[in-house]
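This report describes one protein chain.

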Amino acid sequence: LMDILILLTLKSGQALLPGWKQLFPAKLKTELESLTFTKKLMSATISNILFVRNIFGDDDFAKKSLDGVPLRILKEKSSDPRARSFASWLLDAFDALKKKYLRALTMVIFLDPTFPEVTHEAYTIKVSYPGGLPTCEVLGALGQVQNSTRDLLKGILMVTETLDPLPDTAYLALRLAYYDEITPADYEPRGFQSAEKELIL
């Protein structure tokens, strides 16, 4: 589970890390720039977990680099229909982020389809909106946004690379949690439905 506060301000005149502009906005001052950054950070986080855990094939990812850290980003138009479906889920989930309803996004890995409430692995990205700007929370990284982002993605790679390989029966789900006090009771983004069972972590 991931829980950090990434500061959404770049110092004026500050040099961008190599590869930053290929992944993230150069400026993070407006609500739109913060929203774009948050969506791209969430995509990069989930994509690199998917890649390291061998959920999809190498061809389903675009190769990127951030200050020497090799990264993979899941392609929206992959030849694998499973990868295309997952990319679509992620994009649809961003509707809740844009509307400021999203409290947390959890990617869940299951092993046995007959027990869909039993979780093998879960990766949660929490979201808050200080000053109206969306902010990801992930455990452990503090300080300047570029270094925090690089260190976060590098840390995710290091942790997930040490896990045992997943069996062929493994499958995925995305779970969304909302700020109930502002989210309409009947709201679900396209492709999502209310969960009937609680996860067993």
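## Surface and overall make-up

The accessible surface of the chain is about 10900 Å², and carbon and sulfur atoms account for 54% of this area. Accessible areas come from the Shrake-Rupley method with a 1.4 Å probe, and for residues only the protein chains shown count as cover. Of the 201 residues in the chain, 46% are buried; buried means under 20% relative accessible area, exposed over 50%, and partly exposed in between (1.4 Å probe, protein chains only).

This is a predicted model, in which local features need pLDDT of at least 70 and side-chain atom pairs count only at pLDDT 80 or more, while totals for chains, interfaces and linings use all residues. Residues are numbered from 1 along each chain as its sequence is written, and side-chain values use heavy atoms, with hydrogens and water left out.

## Secondary structure and contacts

The chain has 4 helices and 6 strands, in the order α-α-β-β-α-β-β-β-α-β from the N terminus. Helices (H or I, at least four residues) and strands (E, at least two) are DSSP runs, numbered from the N terminus.

Contact means heavy atoms within 4.5 Å. Among contacts between residues at least 6 apart in sequence, 70% join residues at least 24 apart.

## The nonpolar core

The largest nonpolar core holds 50 residues, of which Leu50, Phe56, Phe86, Leu102, Leu105 and Met107 touch the most other members. Helix α2 (residues 31–52) gives the most to this core, with 9 residues. A nonpolar core is a set of buried Ala, Val, Leu, Ile, Met, Phe, Trp, Tyr and Cys residues joined through side-chain atoms within 4.5 Å. In soluble globular proteins, nonpolar side chains tend to be buried together.

Apart from neighbours within four places in sequence, Leu102 is in contact with Met42, Ala96, Leu97, Val127, Tyr129, Leu176, Ala177, Tyr178 and Tyr179.

## Strands β3 and β4

Strands β3 and β4 pair in the antiparallel sense over 6 bridges, where pairing requires that DSSP finds at least two bridges between two strands. Leu105 stands opposite Ile125 in β4. Of the 8 residues in β4, 7 are buried, leaving the strand mostly covered.

Ile109 lies in β3 (residues 102–110) and counts as buried because its relative accessibility is 0%. With neighbours within four places in sequence left aside, its contacts are Ile55, Thr119, His120, Glu121, Tyr123, Leu166, Ala170, Tyr171 and Leu172. The C-alpha atoms of Ile109 and Ala173 are 6.7 Å apart, with 64 residues separating the two in sequence.

## The β1–β2 hairpin and its surroundings

Strand β1 (residues 61–66) runs antiparallel to β2, and 6 bridges join them. The two strands form a hairpin with 2 residues between them, and Asp67 in the turn has a positive phi of about 50 degrees. The bridge partner of Lys63 in β2 is Arg72. The charged end of Arg72 sits over the ring of Phe51, 4.6 Å from its centre; the criterion is NZ of Lys or CZ of Arg within 6 Å of the ring centre and within 35 degrees of the ring normal.

Asp80 is in the loop between β2 (69–74) and α3 (81–98). Its relative accessibility is 15%, so Asp80 counts as buried. Beyond four places in sequence, Asp80 is in contact with Phe56 and Asp60.

Leu157, in helix α4 (residues 145–161), is buried with a relative accessible area of 10%. Not counting residues up to four places away in sequence, Leu157 touches Asn48, Val52, Val69, Pro70 and Leu71. The C-alpha atoms of Leu157 and Leu71 are separated by 8.7 Å, although the residues are 86 apart along the chain.

## Aromatic pairs

The structure holds 10 aromatic pairs. Rings of Phe, Tyr and Trp (its six-membered ring) pair if their centres lie within 6.5 Å; planes under 30 degrees apart count as stacked, over 60 as edge-to-face and the rest as tilted. One of the pairs, Trp20 and Phe37, is stacked, at 6.0 Å centre to centre and 25 degrees between the planes. Trp20 lies in helix α1 (residues 20–23) and Phe37 in helix α2, 17 residues apart. Both Trp20 and Phe37 are buried.

The ring centres of Tyr129 and Tyr179 are 6.0 Å apart and the planes are at 70 degrees, so this pair is edge-to-face. Tyr129 is in the loop between β4 (121–128) and β5 (135–137) and Tyr179 in the segment after β6 (171–178), so the pair ties together parts that are 50 residues apart in sequence. Tyr129 counts as buried, at 16% relative accessibility. Trp20, Phe24 and Phe37 form one aromatic cluster.
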